[in-house]
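Open the model in your viewer and keep the selection panel at hand.

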Amino acid sequence: MSIFLGFLFLFPLFLILFKKLLPSKRKLPPGPRGLPIIGNLHHLGRSLHSVFHKLSLEHGPVMLLHFGVVPVVVFSSKETAKEVLKTHDLETCTRPKLVANGLFSRNFKDIGFTQYGEDWQEMKKLVGLELFSPKKQKSFRYIREEEGDLLVKKISKSAQTQTLIDLRKASFSFTAGTIFRLAFGQNFHECDFIDMGRLEELVLEAETNVCILALTDFLPTGLGWLADRISGRHSRMNKAFSKLTNLFQHVIDEQLKIGQLQDHSNLVSAMLDMINRPSKFSSFNITSNHLIAMMSGVVLAGVNAGTITMVWIVTELIRHPRVMKKLQAEIRATLGSNKERITEEDLQKVEYLNLVIKETFRLHPPSPLLLPRETMSDIEIEGYHIPKNALIRINTYTIGQFNPERFSNTSINYKGQDYELLPFGAGRRSCPGMNLGITILELGLLNILYFFDWSLPNGMTIEDIDMEEN
Ligand code: HEM
């Protein structure tokens, strides 16, 4: 009897032990075999999204890799993207704490790199009010239109003297000029501490450094730290960030000189006005670190995506003369033949431009992997177990023919409800700058396509165009 009672008592304990010793029945996603310590780091190349794309053709739309010791799950179909960004949005909407992101966001005090929680929500509310609200958008309209006029003036000068235009520089000057004026209150076209060329170098240097994979994040403690210092990665990142902070300090000094911070005429002056004052944003106190982090976020998230998209659109139009001809004819017919300037009244009128923008986003999304996410709890997608604290990447990269007509007679849009077209992401962490980004893009395109005809430099053919994604 006592043996029987003892067995009854110990049986549940045996069961627990047995379960722990057996390999987990939960099915992990398939993926390429990794090496000890480095995992799959040796599989990666310069362009992460095309490496993931090639690997997914072999391993499927849910794929597990290891960057060193960190599990990384890559989702590569519209169905699985929907599972992550819609069904499991809440469990996957935090960001991993990567060293470069922590550096550029002053220890996660921005919006884009900050972990999900109250601080992120408060910062998002603040920017929603001071930068993206319909009221602000209306009051900044004259800035965007003036920048459009300036773009036309610059291109006209080159056209008159028959000199080549560097479209990347012209697009950067327009996009960055607009965003920095409305977010920082700073006109970089007329500025005595930096010129547009240098500003472009700084933005590119910051972007490159924030996107680089730091081994500190992935290799076992100490090893990655040492490797980043020996390779110079750590020092390059710090240099890039300190150059940006220097620039920000100049901008802040200018705003303090102008004064009238209480008018909240731009994001920087509004935040300067709020620093160290009890805020209307609950117990959340804005500090100078939040301000620097936010400025860094505007530089990293706001400028290059629009610039790159404008360059891709004109590149695809030059490669496809039929589309260029049709688009310019539609723009000129819709807006009339003797306009002196493009205004925001002209936006959203040319349906074919909308199709061209969608098709360019489909083939050349500026952030094909969106921003990294991290699981906050175990989840299951397509029967695969995705563990807590796994790094999540959504790969939106596609290869195909440029054909804007594929979007005619469909309701597919880029606003985050159609998972085959996600240039701005979807769910809680989708891009809050989407409306502003699209307005600037469309305004820039209407200006350059209404007033000018475009062609390649003498001696260059369509085949010479470098279509490599960087
Ligand atoms: C064509 C223009 C733009 C494109 C294609 C674009 C694209 C994106 C993408 C793909 C993300 C990541 C979404 C995700 O992880 O799910 C993002 C996030 C973000 N974008 Fe944009 N963006 C553009 C313009 C802007 C502008 C003009 C601003 C601000 C001035 C901005 C501010 C942000 C911020 C703050 C985030 C982080 C959101 C968060 O993590 O909560 N973006 N954007």
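## Stop one: the sheet

This is a predicted model. Select E1 and colour by burial. Of the 6 residues of E1, 6 are buried, so this strand is largely enclosed by the rest of the structure. Show the side chains next. Val62, Leu64 and His66 lie on one side of E1, and Met63, Leu65 and Phe67 on the other. All of these residues are buried, so both faces of the strand are covered.

Now widen the selection to the whole sheet. It is open and has 4 strands, in the order E1-E2-E6-E3. The pairing is mixed. The edges are E1 (62-67) and E3 (373-374), each of which pairs on one side only.

Step from E1 to its partner. Strand E2 covers residues 70-75 and pairs with E1 in the antiparallel sense, over 6 bridges. Val62 has Phe75 in E2 as its bridge partner. Leu65 stands opposite Val72 in E2.

Helix H2 (residues 48-59) touches E1, E2 and E6, and its direction makes about 125° with that of E1. Helix H3 (residues 78-87) also touches E1, E2 and E6; its direction makes about 130° with that of E6.

Zoom in on the turn. The hairpin of E1 and E2 has 2 residues between the strands. Select Gly68 there: its phi is positive, near 60°.

## Stop two: the ligand

E6 also leads towards the next stop. Select Cys431. The UniProt annotation "binding site", from an unreviewed entry, covers this residue.

Is Cys431 buried or exposed? Cys431 has 23 other C-beta atoms within 10 Å, and 20 or more count as buried, so Cys431 is buried. Leaving aside neighbours within four places in sequence, Cys431 is in contact with Phe424 and Gly425.

Now show the ligand with its shell. There are 26 residues around it, and Gly302, Gly425, Cys431, Gly433 and Gly437 come nearest.

Which element gives the most to the shell around the ligand? Select H14: it gives 7 residues.

Finish by colouring the shell by class. Expect 15 nonpolar, 10 polar and 1 charged residues.

Definitions and conventions
Residues are numbered from 1 along each chain as its sequence is written. This is a predicted model: local features need pLDDT of at least 70, side-chain atom pairs count only at pLDDT 80 or more; totals for chains, interfaces and linings use all residues. A residue is near a molecule or strand if its C-beta atom, placed from the backbone, lies within 6 Å of it. Ala, Val, Leu, Ile, Met, Phe, Trp, Tyr, Cys and Pro count as nonpolar, Asp, Glu, Lys and Arg as charged, and the others, Gly among them, as polar. UniProt positions are given in the numbering used here, feature names are shortened, and annotations may be inferred rather than shown by experiment. A residue is buried if 20 or more other C-beta atoms lie within 10 Å of its own, exposed if 12 or fewer, and partly exposed in between; C-beta atoms are placed from the backbone. Two residues are in contact if their C-beta atoms, placed from the backbone, lie within 7 Å. Two strands pair if DSSP finds at least two bridges between them. Axes are lines fitted to C-alpha atoms, for helices over the stretch in contact, and angles run from 0 to 180 degrees between N-to-C directions.
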